[in-house]
Amino acid sequence: MTFLSVTGLDVHYGDFQAIYSLDLTIAEGETLAVIGANGAGKSTLLKAIAGLVPVTAGDIEFDGASIAHIAPHKRVAHGIALTPEGRKIFPSLTVEENLLVGGHTKRPGPWNLASVYAAFPLVADRKDRLGTNLSGGEQQAAAIGRALMSNPRLLLLDEVSLGLAPVVVEQIYAALPTITGHGTTVLVVEQDVKQSMKVADRVQCLLEGRTVLEGDPADLSREQIATAYFGI
């Protein structure tokens, strides 16, 4: 049984259609990278899976059951967590308080303050610092840690590298094997193709809301990816 299945997905913002009849599958334990240029529909896809934007047509099945029309908080209870683009850290709370907010569902699992701090030493070192005083990289690490505190079965990562220095991106992605090693399936959206190819079991490229290329990173050439990414 497919862990996550997106079938014939359409998503609109008013009269504007952002996603067109999109299909996507991910197996439990897999890391799937969805890549594409700005405006390709990547973040909209994650928001649809998380329940933050309504689905116009198609279906989303998680662990064999349709979730396309259930509330976002119920999807969190089922084990889906989103690290949103822009991080959305609560500025008036400390890092540790932000993490505790993520754990409010009290889902059982391997993730707690100790395991998050072990995976992200950067977060542990800043645990008493207010969110408003964090750098971009510190915010991103804290946002991922906050999502993990809900003990998700599926972690949705939206634009992890956006606005961050390459060395910080490397530090954050270094925690990914620990995350997947704890049994968490990962769907990551990225503009950083090089980073995506390094961490993913499979890659799916979107262009203007449609899938234009997918496959094993080892089987895709730079030319194929560039053609799909830019639509040339």
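This is a predicted model: local features need pLDDT of at least 70, side-chain atom pairs count only at pLDDT 80 or more; totals for chains, interfaces and linings use all residues.
Which residue takes a positive phi in the hairpin of strand 9 and strand 10? It is Glu208, with phi near 50°. The hairpin leaves 2 residues between its strands.

Strand 9 covers residues 202-207. Strand 10 covers residues 210-215. The two run antiparallel and are joined by 5 bridges. Within this pairing, Leu206 stands opposite Thr211 of strand 10. Strand 3, residues 31-35, pairs with strand 9 in the parallel sense, over 4 bridges. Here Ile35 stands opposite Cys205. Strand 9 is mostly covered, with 5 of its 6 residues buried. In a regular strand, side chains alternate between the two faces of the sheet.

Strand 1 spans residues 4-13 and pairs with strand 2 over 7 bridges, in the antiparallel sense. His12 has Gln17 of strand 2 as its bridge partner. These two strands also form a hairpin, with 2 residues between them. Gly14 sits in the turn and has a positive phi of about 65°.

Strand 2 runs from residue 16 to residue 26 and contains Asp23. Is Asp23 buried, partly exposed or exposed? Asp23 counts as partly exposed because its relative accessibility is 45%, which falls between the 20% and 50% limits. Beyond its neighbours within four places in sequence, Asp23 is in contact with Val6, Thr7, Gly8, Gln204 and Thr211. Asp23 and Gly58 are 35 residues apart in sequence, and their C-alpha atoms lie 9.1 Å apart.

Ser21 is in strand 2 as well. Its phi is near 45°, a positive value in a residue other than glycine. Ser21 counts as exposed because its relative accessibility is 51%, and exposed means over 50%. A further positive phi belongs to Asp63, at about 55°, although Asp63 is not a glycine. Asp63 lies in the loop between strand 4 (57-62) and strand 5 (65-66). With a relative accessible area of 33%, Asp63 is partly exposed.

Next come the pockets. How much space lies in the largest pocket? The value is about 490 Å³. The largest pocket is lined by 19 residues. Nearest its centre are Val76, Ala81, Leu82, Pro84 and Arg146. Helix 2 (72-78), strand 6 (80-83), helix 3 (95-102) and helix 6 (136-148) each supply at least two lining residues. Helix 2 gives the most, with 4 residues. By class, this lining has 12 nonpolar, 4 polar and 3 charged residues.

The second largest pocket holds about 250 Å³ of space. It is lined by 17 residues, and the closest to its centre are Gly39, Ala40, Gly41, Lys42 and Thr44. Strand 2 and helix 1 (42-50) each supply at least two residues of this lining. Helix 1 gives the most, with 4 residues. The class count here is 4 nonpolar, 8 polar and 5 charged.

Helix 1 also holds Ala50. Ala50 is buried because its relative accessible area is 10%, and buried means under 20%. Which residues does Ala50 contact, leaving aside its neighbours within four places in sequence? They are Pro72, Arg75, Leu82 and Leu156. Leu82 is also among the residues nearest the centre of the largest pocket. Ala50 and Arg75 are 25 residues apart in sequence, with 6.7 Å between their C-alpha atoms.

Finish with helix 9. This helix spans residues 193-199 and includes Gln195. Gln195 counts as buried because its relative accessibility is 5%. Apart from neighbours within four places in sequence, Gln195 is in contact with Val169, Glu170 and Tyr173.

Key. Residues are numbered from 1 along each chain as its sequence is written. Side-chain values use heavy atoms; hydrogens and water are left out. Buried means under 20% relative accessible area, exposed over 50%, partly exposed in between (1.4 Å probe, protein chains only). Two strands pair if DSSP finds at least two bridges between them. Contact means heavy atoms within 4.5 Å. On a 1 Å grid over the protein atoms alone, a cavity is a set of points where a 1.4 Å probe fits but cannot get out, and a pocket is an open set with protein on both sides within 12 Å along at least five of seven lines; lining residues have an atom within 4 Å of a point. Grid points are joined across faces, edges and corners, and a volume is the space filled by probe spheres set on the points. Ala, Val, Leu, Ile, Met, Phe, Trp, Tyr, Cys and Pro count as nonpolar, Asp, Glu, Lys and Arg as charged, and the others, Gly among them, as polar.
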